[in-house]
Amino acid sequence: MSTFIRFTLVSLLGVLVDFSISLILSELFFFNLALSAVIGFLFAALLNFSLHNVWTFSSNHLKNEFIINRYVISLFMTILIRLFSIFFLQLLFDEFTNKKFILLIAITFSFSINFLLNRYYVFLK
């Protein structure tokens, strides 16, 4: 199975966790959309790192501080891209635009950037 397919499968699980937590926090508990997106992203990031490390990239670098530092940097870059996307999309659309639509676009865009960062910066494949 190709690296991209494994990455996609793991990331889809992460997106499901991310999207679900973000929506629950924003819709049921009325958290700010950006804060909800950060919390959902962090939960998914923890899951994704574990699965990518063991299965997607088969790097077994969990104990390698270098890899962990690069992963944290890539997370920071990805979350900044996600927050910028949410901010921009909220400016672009009116207040009645569905939060799910905005969140889905932001997740999709940041997913693409995250793949590139993980493949070529974190796990160096």
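Q: Which helices each supply at least two residues of the lining of the largest cavity?
A: This is a predicted model. In it, α1, α2, α3 (65–92) and α4 (99–122) each supply at least two residues of that lining.

Q: How many cavities of 30 Å³ or more does the count come to?
A: The count comes to 1 cavity. About 150 Å³ of space lies in the largest cavity.

Q: Which residues are the closest to its centre?
A: They are Asp-18, Phe-41, Asn-48, Arg-82 and Asn-114, out of 16 residues that line the largest cavity.

Q: And what is the make-up of the lining by class?
A: The lining of the largest cavity has 8 nonpolar residues, along with 6 polar and 2 charged ones.

Q: Let us turn to the surface. Which residues form the nonpolar patch there?
A: The patch consists of Met-1, Phe-4, Ile-5, Leu-9, Leu-12, Val-54 and Trp-55. Together these residues have about 730 Å² of accessible area.

Q: Which helices contribute to the patch?
A: α1 (3–28) and α2 (33–56) each supply at least two of its residues. The largest share, 4 residues, comes from α1.

Q: Take Leu-9. Where is it found, and how accessible is Leu-9?
A: Leu-9 is found in helix α1. Leu-9 counts as partly exposed because its relative accessible area of 44% falls between the cut-offs of 20% for buried and 50% for exposed.

Q: Next, Phe-30. Where is that residue found?
A: Phe-30 is found in the loop between α1 and α2.

Q: Is Phe-30 buried or exposed?
A: Phe-30 is exposed, since its relative accessible area is 69% and the cut-off for exposed is over 50%.

Q: What about the backbone there: what is the phi of Phe-30?
A: The phi of Phe-30 is near 60°, which is a positive value in a residue other than glycine. For context, most residues other than glycine have a negative phi.

Q: One more phenylalanine: where is Phe-88 found, and what is its relative accessibility?
A: Phe-88 is found in helix α3. At 43% relative accessibility, Phe-88 counts as partly exposed.

Q: And what distance separates the C-alpha atoms of Phe-88 and Ile-102?
A: These C-alpha atoms are separated by 9.6 Å, and the two residues lie 14 residues apart along the chain.

Technical notes:
Residues are numbered from 1 along each chain as its sequence is written. This is a predicted model: local features need pLDDT of at least 70, side-chain atom pairs count only at pLDDT 80 or more; totals for chains, interfaces and linings use all residues. Side-chain values use heavy atoms; hydrogens and water are left out. Patches are made of residues with over 30% relative accessible area and no salt bridge: like charges are joined within 9 Å, nonpolar side chains (Val, Leu, Ile, Met, Phe, Trp, Tyr) within 5 Å. Accessible areas come from the Shrake-Rupley method with a 1.4 Å probe; for residues, only the protein chains shown count as cover. A salt bridge is a side-chain nitrogen of Lys or Arg within 4 Å of a carboxyl oxygen of Asp or Glu. Buried means under 20% relative accessible area, exposed over 50%, partly exposed in between (1.4 Å probe, protein chains only). On a 1 Å grid over the protein atoms alone, a cavity is a set of points where a 1.4 Å probe fits but cannot get out, and a pocket is an open set with protein on both sides within 12 Å along at least five of seven lines; lining residues have an atom within 4 Å of a point. Grid points are joined across faces, edges and corners, and a volume is the space filled by probe spheres set on the points. Ala, Val, Leu, Ile, Met, Phe, Trp, Tyr, Cys and Pro count as nonpolar, Asp, Glu, Lys and Arg as charged, and the others, Gly among them, as polar.
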